[in-house]
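User: Please take a close look at the salt bridges in this model and at the parts of the chain around them. I would like one connected account, with the terms spelled out as you go.

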Amino acid sequence: MTEQVKVPEIRFAGFTDPWEQRKLVDIAEIVGGGTPDTNNSNYWDGDIDWYAPAELGNNIYAESSTRKITQAGFDSCSTKMLPADKTILFTSRAGIGNTAILRHSACTNQGFQSLVIGDADVYFVYSMSERIKKWAEEKASGSTFLEISGRQLETMPVNLPSLVEQQAIGSFFPILTTSSPFISVSWNCCRISRNPCLTRCLCEGRWSNGDLRYREARLISRE
């Protein structure tokens with residue numbers, strides 16, 4: 001991203017407008033979680049997904065939680081219901097910055113500050129996971145363990161293109177999840193073995209040397 005003009009050095013064809021600097025709170029509601037009383041059996045083994053940070057691995061999507069709570073358990077604590085396909089789970093302690101896109105409505109324990117995406121493309125925001133993680137790790141504090149608060153996370157500056165361009169960039173990610181002998185994706189390490197340029201462009205949230213076009217990306221995925 002150039003300093004004088006806020007546009008990427010390389011971008012998808014057809015887009016020329018400058019990117020706008022905003023704060024994370026402008027495009028996402030930051031939502032924490034809570035835990036029902038673990039000694040109350042009426043609160044557990046229900047049908048509501050309830051995530052803990054240890055459950056997030058290298059998968060892009062969170063499909064189903066290990067433990068589930070009842071409606072009574074949900075009502076008893078500070079956890080919040082998070083909408084499917086609009087929420088990026090984000091761990092805020094004991095391993096800051098692990099992420100996954102929520103595929104079914106669910107809630108979490110207090111080890112999350114999840115991003116409920118509003119006026120933005122969820123896949124585009126997910127592409128910034130490594131940048132958000134790095135920023136959160138730098139801002140985190142705590143005497144027992146490092147933790148990032150929701151209020152801190154809200155202040156993170158982000159550079160945003162138009163929603164249409166976000167969607168063009170975001171639509172590239174489902175392509176990368178399809179099986180291909182030439183593409184292997186590790187979101188934890190942000191590595192794309194086929195083309196290191198894609199790692200820089202998409203995972204690190206910046207544009208560097210190389211020439212990326214949406215049509216070419218589709219051809220790569222089909223090889």
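Analyst: Happy to. The model is predicted, so local features need pLDDT of at least 70 and side-chain atom pairs count only at pLDDT 80 or more, while totals for chains, interfaces and linings use all residues. Residues are numbered from 1 along each chain as its sequence is written, and side-chain values use heavy atoms, with hydrogens and water left out.

A word on confidence before the details. pLDDT is the predictor's confidence in each residue, from 0 to 100; its mean over the chain is 80, and 74% of the residues reach 70 or more. Residues 1-5 have pLDDT below 50, and this stretch makes seven contacts (heavy atoms within 4.5 Å) beyond near neighbours in sequence. Residues 179-223 also stay under 50, with 90 contacts beyond four places in sequence. Where pLDDT is low, the predicted coordinates should not be read in detail.

Now to your salt bridges. Side chains of opposite charge can pair when their charged atoms come close. The criterion used is a side-chain nitrogen of Lys or Arg within 4 Å of a carboxyl oxygen of Asp or Glu, and the whole structure holds six such salt bridges. One of them joins Arg 103 to Asp 85, at 3.1 Å from N to O. This pair links distant parts of the chain: Arg 103 sits in the loop between β7 (99-102) and β8, Asp 85 in the loop between α1 and β6, and 18 residues separate them. For accessibility, buried means under 20% relative accessible area, exposed over 50%, and partly exposed in between (1.4 Å probe, protein chains only). Arg 103 counts as partly exposed because its relative accessibility is 30%, and Asp 85 is partly exposed at 40%.

Salt bridges with shared partners also join Glu 20, Arg 22 and Asp 26 into one network. Arg 22 pairs with Glu 20, their closest N and O atoms being 3.8 Å apart, and with Asp 26 at 3.5 Å, N to O. Arg 22 is partly exposed at 26%, as are Glu 20 at 45% and Asp 26 at 38%.

Back to Asp 85, whose backbone deserves a look too: its phi is near 65°, a positive value in a residue other than glycine. The loop that holds Asp 85 runs between α1 (71-76) and β6 (87-90). Asp 45 likewise has a positive phi, of about 65°, without being a glycine, but Asp 45 lies in strand β3. Its relative accessibility is 74%, so Asp 45 counts as exposed.

That brings us to the sheet. Two strands pair if DSSP finds at least two bridges between them. Three strands form an open sheet in the order β5-β3-β8, with mixed pairing. β3 (residues 44-51) and β5 run antiparallel and are joined by four bridges, with Trp 44 partnered by Ile 69 of β5.

Ala 52 belongs to the loop between β3 and β4 (61-62). Its C-alpha is 9.4 Å from that of Cys 107, 55 residues away in sequence. Beyond its neighbours within four places in sequence, Ala 52 contacts Asn 109 and Phe 112.

Conventions
Helix = DSSP H or I, 4+ residues; strand = E, 2+ residues; numbered from the N terminus.
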